[in-house]
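Dear colleague,

I am handing over the structure that we spoke about, and below it you will find an account of what was found in it. Please read the text with the structure open beside you.

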Amino acid sequence: MRKKECVAMLLAGGQGSRLGILTQKVAKPAVPFGGKYRIIDFPLSNCHNSGIDTVGVLTQYKPLALNSYIGIGSAWDLDRKDGGVFVLPPYAREKEAEWYKGTADAIYQNINFLDMFNPSYVLILSGDHIYKMDYDKMLQFHKEKGADATIAVLEVSDEEASRFGIMNADEERRIFEFEEKPEKPKSNLASMGIYIFSWPVLRELLVADGKNAKSEHDFGKNIIPQMLEQGQKLYAYAFEGYWKDVGTLESFWEANMDILKLKPEFNIYDPNWRIYSVNPTRPPHYLGSGAKVERSVISEGCMVFGQVENSVIFPGVYIGAGANIKDSIIMPHAQIEGNVVIEKAIIGRKSILKEGCKIAGKFVARKQEIVVLAEKSVIPSSVVICESVMPGQKINDAAQKEN
Amino acid sequence: MQNVMGIINLNGDEKLLKEITECRPLAAVPFGGRYRVIDFVLSSMVNSGIENVGILLHDKYRSIMDHLRSGKEWDLARKSDGLFILPSGQPRLPGSKLGDVDNLYHNLDYLENSRQQYVLLSGSSMVCNINYRKAFKYHQDSGADITILYKEMAENEGEQAEGMSLILDDTGRMLDMSFVSKTLGVKRMSMDMYILKRELLIEFVKECKSVGDTNLIRDGFYKNRDKLKIYGFQYKGYFANIHSLQSYYKHNMELLKVDKWQDLFMKAGLVYTKVKDEAPAKYQESAKVANTMVANGCIVGGRVENSILFRGVKVHKGAYIKDSIIMQKCEIAENAIVENVICDKDVQITAGKWLKGEKNYPLFVEKGTVV
């Protein structure tokens with residue numbers, strides 16, 4: 001293999017347990033987003049648009065959907081002779097077989113892979129953020145500063161700062177301190193979980209960390225603090241723009257709603273920074289005479305005869321006449337029959353909602369809760385659902401009928 | 001079907017569609033919101049299990065080559081077989097008549113080197129989604145030399161009947177073929193798709209070439225109809241023959257009927273096309289859209305009725321589109337009104353303009369025009 005200047009390592013093994021039903025069958029990066037995409041499309045498209053052509057995707061938790069989605073990487077132009085996309089699951093060695101024990105360990109276990117390309121820099125990404133970012137600019141910054149490591153940071157509000165890893169940096173943006181979720185944050189530069197390391201430096205650290213039985217093998221908890229301790233050059237690269245961690249149901253729902261705004265902070269229609277995804281091969285969608293669609297995105301292959309407001313509709317969804325969908329996310333190939341009412345819900349793929357049923361969350365402290373229906377849920381006619389439906393859960397005809 | 005190769009002949013008569021085909025062959029004309037006409041026959045072939053397809057180019061072929069590229073979208077980028085681009089030998093001089101015979105003769109090597117025993121030869125003006133397996137089985141069972149696929153047209157569809165009509169006997173054998181145009185009555189319209197042995201096709205091409213004949217169907221097949229066993233195979237699914245601007249308009253609009261939409265796009269198999277990676281279509285607060293087909297990448301803020309929006313169309317607030325076909329990347333500005341209009345790619349209708357055609361005579365706006 002030819003030497004590469006920069007290789008990206010995408011950490012895609014997380015379970016994303018706070019997403020609950022959405023990640024029961026698939027890893028978090030494979031969760032559908034924005035009417036067409038999966039979460040992993042964003043970092044992979046960023047790689048393509050930033051000119052990075054070699055990406056290792058580290059998988060661990062329920063990788064089937066993710067693996068088959070990535071394929072040979074053609075969707076992101078990553079099917080290359082020299083480089084391309086590589087799916088890297090944990091593997092057994094002569095004496096032991098281990099899972100990835102932490103973010104740093106996942107990279108450590110793939111030192112062979114990185115050595116194959118012998119890059120000057122390694123870009124560490126995670127598969128659970130929605131954002132558009134030119135990694136090349138960050139790499140230029142890293143080079144200009146002559147840094148050992150560069151951490152992408154986002155300015156957050158003071159209230160939010162205590163939920164993040166906070167970087168305290170001087171005027172030159174050199175980081176002198178790192179605090180994980182501080183109670184009294186000294187700055188509001190939050191780590192985005194995106195790092196560029198000079199590979200020889202990181203390689204040495206990983207080898208040492210691998211031998212350290214006390215370490216949690218985590219970039220935030222171990223590698224970064226140790227680098228600070230050793231006085232290595234760490235810089236904070238300020239990112240401006242939309243960035244959303246879709247770690248919880250609430251933030252996942254919000255991020256989906258963010259693309260609906262008239263002047264969205266997050267523009268997915270920019271021809272100069274396309275978000276690539278695997279094409280579903282469906283015809284244009286059809287809106288019938290009785291359809292009424294507002295503030296929504298609708299993807300290919302849908303047939304809409306009802307009302308859709310403030311919602312995200314994935315490919316191949318059928319929405320019958322008289323149905324009313326509001327503030328919701330409808331995953332691919334769901335069948336919504338006539339007169340169904342859906343409010344603030346996430347409907348799993350291939351679910352069937354029979355005539356006249358109603359899905360709407362309860363109000364808790366004047367805020368409506370999000371209802372999630374697992375994939376392939378079947379909701380009988382006229383039933384009212386106000387709580388999430390687990391995979392395989394059978395909904396009784398009469399049980400929840402409105403009194 | 002691995003024993004069948006496909007050839008799509010782009011050497012059609014395009015004079016009736018001159019506006020849209022000025023810059024592209026008929027096969028590359030945008031159709032159905034996100035496709036080009038060729039996608040339907042090509043996808044049908046691939047979905048039927050054909051793995052070797054030759055595209056017989058004529059002229060103006062930049063756009064079709066840009067569309068097909070390696071054939072990857074149709075799963076035809078292969079090590080052996082796959083997609084073959086077959087250009088014509090000579091540049092066509094104005095007024096000269098080069099037929100498909102010359103074109104095929106120039107690519108005789110491809111025909112001779114292919115390993116399939118049969119050829120499915122198709123024209124490029126047909127829109128349908130067809131499983132060729134049945135037709136091929138019929139061809140083998142009937143012992144025909146040539147099988148012609150046809151579609152029965154009812155009386156009220158007479159106006160569609162522009163092309164060759166087959167006269168068959170009770171066994172399905174073709175007795176004669178005649179050109180019909182706007183004739184009423186039930187007709188068996190040739191779909192310009194033929195199944196025959198590869199060897200036989202090569203023979204025809206050589207024979208025609210040797211006596212200076214130019215048209216394979218007329219001079220090869222039709223002249224020898226008494227010597228050959230030519231059978232007709234009836235296809236019953238969705239079928240549209242694009243032969244004029246009116247028929248182009250009509251058949252696009254037809255897809256706004258749910259059963260036709262499903263027939264063409266879903267029934268026999270999926271239809272592949274060049275992927276553009278557009279985001280899902282977005283409807284703004286002011287959008288009011290009914291009975292319309294909308295492709296990805298559109299941003300709609302205005303009112304749209306009975307229309308087709310191709311990929312990446314922008315309809316601003318206050319604009320009104322009715323009974324129209326708006327191709328890729330057009331932009332309809334505030335308070336513009338567009339009715340019975342076909343906008344070719346990249347057209348911009350500026351604010352407040354009012355464009356109106358007639359149902360039977362849609363107004364055509366050329367590619368890239370700013371109105």
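This is a predicted model: local features need pLDDT of at least 70, side-chain atom pairs count only at pLDDT 80 or more; totals for chains, interfaces and linings use all residues.

**A strand covered on both faces**

Which strands does β1(B) pair with? With β6(B), residues 118-122, β1(B) runs parallel and is joined by five bridges, and in that pairing Gly6(B) has Leu120(B) as its bridge partner. With β4(B), residues 52-56, β1(B) also runs parallel, here through four bridges, and Ile8(B) stands opposite Ile55(B).

**A buried helix**

After α1(B) comes Gly49(B), which has a positive phi, near 100°.

**Where the two chains meet**

The contact between the chains draws on 37 residues of chain B and 40 residues of chain A. The size of an interface is often given as the accessible area lost when the parts come together. Here the area buried between chain B and chain A is about 3200 Å², and carbon and sulfur atoms give 55% of it. On the side of chain B, Asp277(B), Lys282(B) and Tyr283(B) lose the most area to chain A, and together they account for 21% of what that side buries.

There are 21 residue pairs in polar contact between chain B and chain A, counted where both residues have pLDDT 80 or more. On the chain B side, α9 (258-267), β14 (281-283), β15 (288-290) and β16 (292-294) each supply at least two of the residues that touch chain A, and the largest share, five residues, comes from α9(B). Sorted by class, the side of chain B that touches chain A has 22 nonpolar, eight polar and seven charged residues.

Four salt bridges are found across the interface of chain B and chain A. In a salt bridge between Arg34(B) and Glu300(A), the side chains meet with an N to O distance of 3.1 Å.

**A sheet that runs through both chains**

How many strands form the open sheet, and in what order? Eleven strands form it, in the order β31(A)-β26(A)-β23(A)-β20(A)-β17(A)-β14(A)-β16(B)-β19(B)-β22(B)-β25(B)-β28(B), and the pairing is mixed. The edge strands are β31(A), residues 378-379, and β28(B), residues 363-365, each of which pairs on one side only.

Between the chains, β14(A), residues 285-287, pairs with β16(B) in the antiparallel sense over three bridges, and Leu287(A) has Thr292(B) as its bridge partner there. At the chain A end, β26(A), residues 352-353, pairs with β31(A) in the parallel sense over two bridges, with Ile352(A) opposite Val378(A).

**Salt bridges over the chains**

Side chains of opposite charge can pair when their charged atoms come close. Over all chains the count comes to 44 salt bridges. One of them joins Glu112(B) to Lys206(B), with the closest N and O atoms 3.2 Å apart; this pair links distant parts of the chain, Glu112(B) being in helix α4(B) and Lys206(B) in helix α6(B), 94 residues apart. Glu112(B), at 36% relative accessibility, counts as partly exposed, and Lys206(B), at 41%, counts as partly exposed too.

Glu152(B) forms a salt bridge with Arg188(B), the closest N and O atoms lying 3.4 Å apart. Because Glu152(B) lies in strand β8(B) and Arg188(B) in strand β11(B), the pair ties together parts that are 36 residues apart in sequence.

Asp219(B), in turn, forms a salt bridge with Lys223(B) at 3.7 Å between the closest N and O atoms. Is Asp219(B) buried or exposed? With a relative accessible area of 7%, Asp219(B) is buried.

With best wishes

Methods. Residues are numbered from 1 along each chain as its sequence is written. Chains are lettered from A and ligands numbered from 1 in the order in which they are written. Side-chain values use heavy atoms; hydrogens and water are left out. Contact means heavy atoms within 4.5 Å. Buried area is the accessible area (1.4 Å probe) that two parts lose on being put together, summed over both. A polar contact is a pair of N or O atoms within 3.5 Å; within protein, one must be able to donate a hydrogen and the other to accept it, and residues adjacent in sequence count only if both atoms are side-chain atoms. Ala, Val, Leu, Ile, Met, Phe, Trp, Tyr, Cys and Pro count as nonpolar, Asp, Glu, Lys and Arg as charged, and the others, Gly among them, as polar. Two strands pair if DSSP finds at least two bridges between them. Buried means under 20% relative accessible area, exposed over 50%, partly exposed in between (1.4 Å probe, protein chains only).
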